[in-house]
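Please look over the sequence and the model below before reading on. The paragraphs after it are meant to be read with both in view.

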Amino acid sequence: MMIKKWTDKRWVRTTLLLSAAILAVPAVNVVAEQLATKMPTAEIYKPSLQPDRVILTWEGDTATTQAVTWRTDVNVTTPQAQIALATDNSDFEDSAMTVPADTTSELATYLNYSEKYHSVNFQNLSPETKYLYRVGDGVNWSEWFEFTTASSEAEPFSFIYAGDAQNDILEHWSRVIRNAYSDLPEASFIVHAGDLINHGDADDQWGEWFKAGGWLNGMVPSIATPGNHEYARISKDTPAGLTPYWRPTFALPQNGPDEALFKENVYYVDYQGMRIVSLDTNLRGENLDKQVTWLDQTLANNSNKWTVLTFHHPIFSSAEGRDNAEVRNKLLPIIQKYNVDLVLQGHDHTYARGQVVNQNSGQKVVDNDSTTVFVNSVSGPKMYESSAAVWEKNGAQVDKAVANTQLYQLIHVDGDVLRYDARTATGKPFDAFEIKKLPNGKKQMTETMK
């Protein structure tokens, strides 16, 4: 910062030390703390007649359907959506079709207000077509959002993968998901690998998550899998189990095991030649066994070129003192049986990427012809110490790892090639590789960043 001082009829420039300006800041903050009034949490996140928390998902065919969910207060009795083919002017409104909400769920919060969640599943859409939609009650409407249906063929596409957001979501996760979208605005969907929030029944934390993503949630579909914090409670009055927010918030496929316990948390989505499977690794014992049986059948009847699994608890933990032996012992044989391409996980608040290795003449050797790449990642600010011990004890190796770093991942699929690109919160390239499907049915995995 520069000022001018008049001395002997000459201008003399005097530089104010930057440190002096910095020292003044705490005093300003003290004054703010004395004079400012903190807005009550319930006032910040309380619903109204105006729709909010708009989010796209899929319940069915990604080429011909699109699901949307939103929130209002409990006084809304005519929830509905409108949809039209996108045009280059506002004339599309003249041909917009109104669709009443399929489901409405009322939910009491620990902040002493209740809210409603509404869902519409647009059907009989045309593949590879851009649509505009809005949600409301016939009087109070959201803005018009835009989405494009998938192709019914195996066309190129890209998507974003994010590990745990969980803590200080609005403060520290918002830049990560926004930077991810800025780097990949053509993303077809976002995979969230669990622990979206810290307490599954905390309405303000869900409010932070939605505010951090903003309008992006209404434009790019989400594929979410539940973490252990989607089972965590902030209120002693909330029943145990998966958060009561999960099913009202996310309209997801109901093609998992045929029991209510697995409804919309265990499912698969097919998108342009890729099958993405979500498992709920919070459910153990016989409930994990049932998922394993279902997964075996789901992958046996999979005609897609690419297969991705997402679940929260890593097959190979990358944080000190953690191990999910039951998850590994039950899921790894199925993953290897069907030569799954990618396994996208969270939970350990570190980054690790690696593969299973084979013993060959006393040396550990990766079989790049038939390998599954396992990734653990974190997008939020909560961090743990990194460890490769579980990998090494269980026949796997870490090829890339880092601790105390928020990341996001951009994944591109084009025919026989899948390209993976991990970046730090500020957008710096950190890790990259490519998987190529060969004519002989094998795969070739190549690191593309050293």
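What follows goes from the whole protein to an annotated stretch and then to two single residues.

This is a predicted model, in which local features need pLDDT of at least 70 and side-chain atom pairs count only at pLDDT 80 or more, while totals for chains, interfaces and linings use all residues. Residues are numbered from 1 along each chain as its sequence is written, and side-chain values use heavy atoms, with hydrogens and water left out.

The protein has eight helices and 26 strands, where helices (H or I, at least four residues) and strands (E, at least two) are DSSP runs numbered from the N terminus. Its radius of gyration is 24 Å, close to the 22 Å that the globule rule gives for 450 residues, so the protein is as compact as a globular protein of that length; the radius is taken over C-alpha atoms, and the rule is 2.2 Å times the number of residues to the power 0.38. Along the principal axes, the C-alpha atoms fill a box of roughly 85 × 60 × 50 Å.

Of the 450 residues, 52% count as buried, a term for a relative accessible area under 20%, as against exposed for over 50% and partly exposed in between (1.4 Å probe, protein chains only). Among contacts with a separation of 6 or more, 68% come from residues 24 or more positions apart, a contact being heavy atoms within 4.5 Å.

The side chains include 40 positive and 56 negative ones, and the centres of the two sets lie 8 Å apart. Here Lys and Arg count as positive and Asp and Glu as negative, with His and the chain ends not counted, and each charge is placed at NZ of Lys, CZ of Arg, CG of Asp or CD of Glu.

An unreviewed UniProt entry annotates residues 51-149 as "domain: Purple acid phosphatase N-terminal"; its positions are given in the numbering used here, feature names are shortened, and annotations may be inferred rather than shown by experiment. Over residues 51-149 the chain is 0% helix and 49% strand, with its end C-alpha atoms 23 Å apart.

Ser119 is found in strand β8, residues 114-122, and is buried at a relative accessible area of 7%. Leaving aside residues up to four places away in sequence, Ser119 touches several others, including Glu59, Trp70, Asp102 and Ala251.

Val390, in helix α8 (residues 389-393), is also buried, with a relative accessible area of 12%. With the neighbours up to four places away in sequence not counted, Val390 touches Phe316, Ser317, Arg322, Asp323 and Arg328. Val390 and Ile315 are 75 residues apart in sequence and 9.2 Å apart in space, C-alpha to C-alpha.
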